[in-house]
Amino acid sequence: MVTYLFILFAVIAIATALAVVFNKSTVSSALFLVLNLLTLAGIYLLLQAQFLAIIQVLVYAGAIMVLFLFVIMLLNLQDEEKIFSRSRVQFILSFLLVAVVFAQILYSVGSATNMLPAVSSSMKTVGTVEAVGNVLFTQYLIPVEVTAILLTAAVVGALLIAQRKIQLKK
Amino acid sequence: MALNWYLALSAVLFSIGVIGVLTRKNAVVIFMSVELMLNAVNLTLVAFSSHFGDINGIILVFFSLCVAASEAAVGLAIIITIFRNNLTVDISKINLLRW
């Protein structure tokens, strides 16, 4: 059952990822990205990381993608006639580079992980909101607070950058 | 399910994201490809965390999500500013700082 679900999610994830990249309309790209993030949430559930699955749907598929769609709406982008307009040499080089990157990742992860068991039995207690919150607010308390500062700084910075006119005092 | 399949899926998603970053010219789509790559790495972290029954990978993914959220906010603000100054998000036409 887990295997079939994984194959289903993996096929949808790869197909939607390709659709994000090879799509003329930016809005369709964004919507395919939402689908991709949702399938990744499903895969997190298969790995029994329930907390992350929920956070993935809430933060990524919810908040970040709404931000993307808003920006696309604000920019009023037209569909592109040609997806790839870089020169041919650059195009071939980029695909070669991707092949190298892919081979490198497969080489580094494929050799070491043959003998690992499937999902660990202790994962039932590890992936829950309770366990994550427990560790997050004791052992990782300072990083959480720093994250709060980071998010505030990011929001203020985004407001400052996107402002129409920055007034300088003389 | 062995861990290898999750890692292979993650590698495929990451490579597709790299293709998007290297070949597309629309800045918003490039940004979405970066999000794809971020998610692929997150999948690797969750897979390892789940296979060792260790919570630290999940915590790391949580922080990476926070960074991704702030990165999206700032990056999209920059894209809006670029669009306001150049009336395009085509990165082949934005060459003010190019040598």
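Visitor: In which segment of chain B is L87(B) found?

Guide: This is a predicted model, and in it L87(B) is found in the segment after α3 of chain B. The backbone of L87(B) has a phi near 60°, a positive value in a residue other than glycine. L87(B) counts as exposed, because its relative accessibility is 67%.

Visitor: Where in chain A does Q48(A), with its positive phi, lie?

Guide: Q48(A) lies in the loop between α2 (26-46) and α3 (50-75) of chain A. Its phi is also near 60°, and Q48(A) is again a residue other than glycine.

Visitor: How many helices and strands does chain A have?

Guide: Chain A has 7 helices and 0 strands. Read along the sequence, the pattern is α-α-α-α-α-α-α. Of the 170 residues of chain A, 35% count as buried. Among contacts in chain A with a separation of 6 or more, 61% join residues 24 or more positions apart.

Visitor: How far apart are the C-alpha atoms of L96(A) and F70(A)?

Guide: Those C-alpha atoms are separated by 34 Å, and the two residues are 26 apart along the chain. L96(A) is found in helix α4 (residues 88-110) of chain A. L96(A) counts as exposed because its relative accessibility is 51%, and the exposed class begins over 50%.

Visitor: Which residue besides K25(B) is linked with D90(B) in a network of salt bridges?

Guide: K93(B) belongs to that network, together with K25(B) and D90(B). The closest N and O atoms of K93(B) and D90(B) are 3.8 Å apart.

Visitor: Are K25(B) and D90(B) buried or exposed?

Guide: Both K25(B) and D90(B) are buried. For D90(B), the relative accessible area is 9%, and D90(B) is therefore placed in the buried class. K93(B), by contrast, counts as exposed, because its relative accessibility is 57%.

Visitor: How is the interface to be read, and what area do chain B and chain A bury between them?

Guide: The size of an interface is often given as the accessible area lost when the parts come together. Here chain B and chain A bury about 6,800 Å² between them, with 78% of it on carbon and sulfur atoms. The contact takes 70 residues from chain B and 80 residues from chain A. The count of salt bridges between chain B and chain A is 0.

Visitor: At what angle do α3(A) and α3(B) pack?

Guide: The angle is about 5°, and the axes are 10 Å apart. The two helices are therefore roughly parallel, a term for angles under 35 degrees. Residues that make the contact include F51(A), Y60(A) and F68(A) of α3(A), and F62(B), L65(B) and F83(B) of α3(B). By class, this contact has 22 nonpolar, 1 polar and no charged residues.

Visitor: What is the angle between helix α7 of chain A and helix α3 of chain B?

Guide: Helix α7 (residues 141-162) of chain A and helix α3 (residues 56-86) of chain B pack at about 10°, with their axes 9 Å apart. These helices are therefore roughly parallel to each other. Among the residues in the contact are P143(A), L150(A) and I161(A) of α7(A), and F63(B), C66(B) and R84(B) of α3(B). The classes here are 16 nonpolar, 3 polar and 1 charged residues.

Visitor: Which residues are in contact with S49(B), leaving aside its neighbours within four places in sequence?

Guide: S49(B) is in contact with M123(A), D54(B), I55(B), G57(B) and I58(B). S49(B) lies in helix α2 of chain B. At 4% relative accessibility, S49(B) counts as buried, because the buried class covers values under 20%.

Notes: Residues are numbered from 1 along each chain as its sequence is written. Chains are lettered from A and ligands numbered from 1 in the order in which they are written. This is a predicted model: local features need pLDDT of at least 70, side-chain atom pairs count only at pLDDT 80 or more; totals for chains, interfaces and linings use all residues. Side-chain values use heavy atoms; hydrogens and water are left out. Axes are lines fitted to C-alpha atoms, for helices over the stretch in contact, and angles run from 0 to 180 degrees between N-to-C directions. Helices (H or I, at least four residues) and strands (E, at least two) are DSSP runs, numbered from the N terminus. Angles under 35 degrees count as roughly parallel, over 145 as roughly antiparallel, 65 to 115 as roughly perpendicular and the rest as oblique. Contact means heavy atoms within 4.5 Å. Ala, Val, Leu, Ile, Met, Phe, Trp, Tyr, Cys and Pro count as nonpolar, Asp, Glu, Lys and Arg as charged, and the others, Gly among them, as polar. Buried means under 20% relative accessible area, exposed over 50%, partly exposed in between (1.4 Å probe, protein chains only). A salt bridge is a side-chain nitrogen of Lys or Arg within 4 Å of a carboxyl oxygen of Asp or Glu. Buried area is the accessible area (1.4 Å probe) that two parts lose on being put together, summed over both.
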